[in-house]
Amino acid sequence: MQYDVVVIGSGPGGYVGAIRCAQLGLKTAVIEKYKTFGGTCLNVGCIPSKALLDSSEHFHNAAHTFTTHGIDLKDLQVNMPQMIARKNDVVAQNTAGITYLFKKNKIDNFEGVGSFVDKNTIKITKADGTTETITAKNVIIASGSKPTALPFLPIDKKRIITSTEALNIAEVPKNMIVIGGGVIGLELGSVYARLGTKVSVIEFLPSLIATMDAGLGKELQRVLKKSLGMDFFMNHKVTGATVKGDVVTVTAENAKGEQVSFEADYCIVAVGRTAYTEGLGLENIGIKTEDRGNKIPVNEHLETSVPGVYAIGDVIKGAMLAHKAEDEGIYVAERIVGQKPHINYNLIPGVVYTWPEVASVGFTEEQLKANGVTYKTGSFPFKASGRAKASMDTDGFVKVLADAATDEVLGVHMIGPRAADMIAEAVVAMEFRASAEDIARICHAHPTYTEALKEAAMAATENRAIHI
């Protein structure tokens, strides 16, 4: 075989898995169909969206809070081309970083679409139609996902768009419709709402970010309505959309079954993502994808039904998160060389990069109730945090869920400033099966946002939070 491992796809799962394989002494190659590495996350997902979130947050603060801080500005305006250019530069820096890491680790890379001839032979079809073939002892499928389309709602990529096109709108729209109240829709919707766009979110379910603890979605909806003027239409079933000139009209049924319609300059369809398996030639090696979500079935070791062929990230079961894919890439690399790694899927954190940020790990209250687990809860609001008062970020709270008998922390859910960074402390604690008492006894620097986690843990143990 030419290679010990060939990785199809260079997103977070693929490139991290490839680097770990190379570190372990395996001769490794990566096949990527696009001209830049990084997959959805670095090119049209996590990284560019966070760049725009940061830029729009700066503008919103300048417009709404700077005067309170004693900073006076005149003639504040958005330079959208520059904002987009900065976002593109951030993407370029990150993708160039992967190119460097591949060279450093002596990983070969091929540009084109990789497809199975047999389980050890991969054909690479290049953009000009030419092909070449390479062989490998092991193959890791890391082909990622694409935005889910609604069959009755055609996406023209001009006015009815996905998250990809939403990253490059060259103007600040007067109004925008977001179909979907999940992570992607709320993040992109908040970008434009901060810049002055009137954003309306249409959601089929009764709550936002429905997979997270219910209290988080309720608080996030309240804050986004209050701070950004976003409107939310819950329990609405979208039935179609049409474009006439520069106007998009979206039709839907409300909770009463009545027909309603909405008009806007743009409509972002953000109803989830679907595993991307087109062109892989899975049928040539006997792999069938699942009917729901097009996922590739794998066993507990992330190996498909074909020995030596693995799949990771968005293309398999579980949350579609970059950090999940990264951990799975490392896991497979270490399994191939005979190590015994592990992943605790219950302790993979979820984050929404709105402001305030939302972060969660472990079981939700709803899950604990459904499982019949007796638990206790402790909450602490950021309005009682000295650090949050100083930065004018007093919305939100931290909630700790602990086993009623053992005090082991079962879940931590937070919405507030820098929650995306704070959740790591909870993950570490839960990986070591800490009790709420353990967190409560750890000295936290003052004043910091993380004191809210300590106070919530204190509230969960004999209701002894100090500052409320």
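Analyst: A cavity here is a set of grid points where a 1.4 Å probe fits but cannot get out. Its volume is the space filled by probe spheres set on those points. The model is predicted.

The structure holds 1 cavity of 30 Å³ or more. The largest cavity has a volume of about 40 Å³.

Now the lining. Pro147, Thr148, Ser163 and Ile184 line the largest cavity, and so do Val269, Ala270, Gly272 and Arg273. By class, the lining residues of the largest cavity split into 4 nonpolar, 3 polar and 1 charged. Arg counts as charged, and Gly falls among the polar residues.

Next, the helices. Ile184 is one of the lining residues of the largest cavity, and helix 6 covers residues 183–195. The partner to look at is helix 3, residues 46–64. The axes of helix 3 and helix 6 come within 8 Å. They cross at roughly 30°. Angles under 35 degrees count as roughly parallel, so helix 3 is roughly parallel to helix 6. The crossing of the two helices is left-handed.

Last, the hairpin. Strand 4 spans residues 113–118 and strand 5 spans residues 121–125. The two strands run antiparallel, joined by 5 bridges. Between strand 4 and strand 5 of this hairpin lie 2 residues.

Terms used: Residues numbered from 1 in each chain as written. Predicted model: local features only at pLDDT ≥ 70, side-chain atom pairs only at ≥ 80, totals over all residues. Heavy atoms only, no water. Pairing = 2+ DSSP bridges. Helix = DSSP H or I, 4+ residues; strand = E, 2+ residues; numbered from the N terminus. 1 Å grid on protein atoms, 1.4 Å probe; cavity = no way out; pocket = protein on both sides within 12 Å on 5 of 7 lines; lining within 4 Å. Axes fitted to C-alpha atoms, helices over the stretch in contact; angles between N-to-C directions. Parallel < 35°, antiparallel > 145°, perpendicular 65-115°, else oblique. Left-handed = near helix turned anticlockwise from the far one by under 90°.
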